[in-house]
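Student: I have a model open on my screen. Could we go through its disulfides and cavities step by step?

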Amino acid sequence: MLRPLLCLCALIALTGAQWSYQQTFNESSVVNISSCPITYYGQQYEKLYVNITSGNVTVCFNGFFSPETGGDCVVEHSRGAHQFGFFINLQPSTADVDYVRQKFPTIQNRLERYFLIKFPHFGFFPLNFGSSSQAALVLDRYTSDPVVYELQVGRTTVDTVNLTSSSRGFLDISGCRHSGQMYRPGTVISSDPQTCFSLTCNETAVLNTSSCGALERCQGNGICTLDTMLASTCTFTGPTIIDVHGQINSIQDRCAYSLFSTPSLPDFLVLGNFRDRRRTDVSFLDSVTLRVDGHYIHLEQGGRVQMDDSTLTLSSSSQLVHGVQLSKDQTGVTAELTNLNISVFFDGNTAQILLEGPAGSSVEGLCGNSSRSLSDLRLSEYSSTSCEMQYSETADSTINCTSVTERCNLLKEAPFSSCNTDIDPEPYITACTDTLCKYPAVDGLNCQFLKAYARACSQHNRALDGWTSKTGCSSEAFCQDRTCSDHEFCGEKTVGGDTRCFCRDIFASKYQANNSLGDPTVCMQDSASVTLVGCLLEDKGINYSALHLNDPTCRGQVDELTHMVTFSFNSSNSCGTVVTTNNSELIYKNTIMTQNSSSDIINGHDQVYIDFSCVQTQADIKTATFRIRDSSVIQHITSGVWDYTLTMQSFTDVGHTQAVESSTEVQLIQKIRVELKTDGLDGDVVVVVTDSCWATDQPSTNSTPRYDLIINGCANPADQTVQVEDNGLGTSNYFSFSMFQFTGSSGEVYLHCELHLCPKQNNCVPTCPAGARRRRSARSKYEGEAFISMAWTH
């Protein structure tokens, strides 16, 4: 009988297992182990290829086992199997960790996770130690019969474990890989005098190699010397880096990186800026910057070259700028440091740095070693703060990766094959397939990698005659002389067609999320503006020149640098703005629309109507309180965008020239004239309406007794001495009344007024009843004669 094994952690430690995942397979299968990748003799894998038969059982990591080619496989010869189970433990217990440390004392890293491949009679546990290149296997047999494991790399059996007397075996499968060859920990290959190559796989399975530099050659005695007859090229195209050693890497973010530097030139640096285009998850080399003696030369898309903040005009004739020879032709821009044998070429998509002579003997940056940690070569001082953010998108179902691979493999066919012995095409093919299998072949991308390889060959004096006609490509720079803004890139309207500036995907996403074409309206006190994004308009097939506001003469203004289109109006030119009120709000509304036409179709799209508005809160109802002892009171009011002052002042004459001062004696039933005046309001937009005024004998507006002077914007019909002038006509108005005193009071009279602002285009003048007005009885409210000092106080 089979031993019960579902408490499999007991086989590793004396605790119950907490399996994160388990599954049973009844046929040969491919199993995804990306959550627990296995390192097998120096090579990491994320898939298992399990073949079960009545004879041999094989578990391979790089494809199903083939007797002819072998593979990285664990082979069990003595038993067959009809099914197998797969179990993962992503959180080993402390007992598990201690057990593994005891059995594998040479492995320094901590056990992080493990999985089990279990067959009816045997099984094994690959152990994962995180980022360490060390690895191990625990092998089991669940039967009394012998179980024999063979571990193969390629067609070579590198280890054999024969479980006859024990039920468990332990095998360290650490190792190093170089050029497809496996080396065990502790391997040292001394320098070969003929090749100057040496290799060390140390005790912890870390590989170190040394050889002559890119521009050096081995003299045959173990010594490298500079070969000035050699030239080396590093290529940056799309998201890919191919360094001077032919090693390849890929940029996943949108940061700036050091492309080339050398200790012999401390003031010289070439850096590359990577940006998104049509997808957020694929970055492209977007521009190249040369830092020379504190100055910056920027090589950008479209062949534009900027020196610090100035744009340079270049031609095929070289122009010397701070020791750099700059020239431009139909293929791109070249910057040369001729005395140092360094040249940098950029065509808007691909950068190639040619190194000759002493400058190439010590190369740093991605050019020198693209396999270095990218974080070490990232230049944060030249990058945006969010450049490292990673994005993911759904795969493009329209891409046929098989067709893409066939096109990329043209680099191994004539005429490219004539250069294959000088420049390895494989890095370029890898760059081509990796990019085009997840990004559409637009904007000249299906030619970009072929063109980069052809140019690298030409730099090594290998002319590839006829490559453009065979591939349907052009040697000219894509989007030459078309300048786009920082949030745009140059691309094709249709494949092989005209070009234009497109919005970068990350920039456009914030507008697409709101289904908008621009930024929110900017509202000021006497003006408003709205800005639309030029590239988003083009995406919709909208020609900005056909757009206008309600007034057809009011059209958008285009910023030539950003391609943003701004529409605006103000108090002197309302552009047909409609002003309405809604309770306490003033609403200014206008519309961006296409010009009137007999057809409702413009460039294949419906008529465009984009409403925008400003909502401003009317001035809160403010109460100005004063008592008649001083001359006036000034109140500063801020409400919404309005910021103004309100002055209340009293006079004793019709012409409003004799203000009531503290020394003025005001007698009972004397005519008092009150002016309510504002400063800071735009009289072309709003007017002031006095809603009500009343008097009390206490400072509080709610105290009693109360006597009304103005009600609903009109004089109190019960008091024929009250007159209201210019109410709702401008930014100031007036009223007058005969002076009085409250019976039994101290003689102080406080006046309170409530006002509001009203859009001028509305009819803001209160409608007041006509007819005779009954004079109030002073005798019923006042008695005697009084002399009162006056002031406006709150």
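**Disulfides and a cavity**

Tutor: Start with one link in this predicted model. The torsion about the S-S bond of Cys-255 and Cys-387 is about 90 degrees, so this disulfide is right-handed.

Student: How many residues apart are Cys-255 and Cys-387?

Tutor: Cys-255 sits in the loop between β24 (248-250) and β25 (256-260). Cys-387 sits in the loop between α2 (374-377) and α3 (401-408). The pair links distant parts of the chain, and the separation is 132 residues.

Student: Is the link of Cys-419 and Cys-457 right-handed or left-handed?

Tutor: The two sulfurs are joined, S to S 2.1 Å. The angle about the S-S bond is -105 degrees, and that makes the link left-handed.

Student: Which helix holds Cys-457?

Tutor: Cys-419 lies in the loop between α3 and α4 (426-436). Its partner Cys-457, 38 residues apart from it, lies in helix α5.

Student: Is Cys-479 buried or exposed?

Tutor: Cys-479 forms a disulfide with Cys-490. Buried means under 20% relative accessible area. Cys-479 has 6% relative accessibility, so it counts as buried.

Student: How many disulfides does the structure hold?

Tutor: We have looked at some of them, including Cys-255 to Cys-387 and Cys-419 to Cys-457. The total for the structure is 16.

Student: How many residues lining the second largest cavity are charged?

Tutor: This cavity has a volume of about 50 Å³. Its lining includes Arg-101, Arg-110 and Phe-129. The lining residues divide into six nonpolar and one polar, and the charged ones number two.

Technical notes
Residues are numbered from 1 along each chain as its sequence is written. This is a predicted model: local features need pLDDT of at least 70, side-chain atom pairs count only at pLDDT 80 or more; totals for chains, interfaces and linings use all residues. Side-chain values use heavy atoms; hydrogens and water are left out. On a 1 Å grid over the protein atoms alone, a cavity is a set of points where a 1.4 Å probe fits but cannot get out, and a pocket is an open set with protein on both sides within 12 Å along at least five of seven lines; lining residues have an atom within 4 Å of a point. Grid points are joined across faces, edges and corners, and a volume is the space filled by probe spheres set on the points. Ala, Val, Leu, Ile, Met, Phe, Trp, Tyr, Cys and Pro count as nonpolar, Asp, Glu, Lys and Arg as charged, and the others, Gly among them, as polar. A disulfide is a pair of cysteine sulfur atoms within 2.5 Å. Helices (H or I, at least four residues) and strands (E, at least two) are DSSP runs, numbered from the N terminus. Buried means under 20% relative accessible area, exposed over 50%, partly exposed in between (1.4 Å probe, protein chains only).
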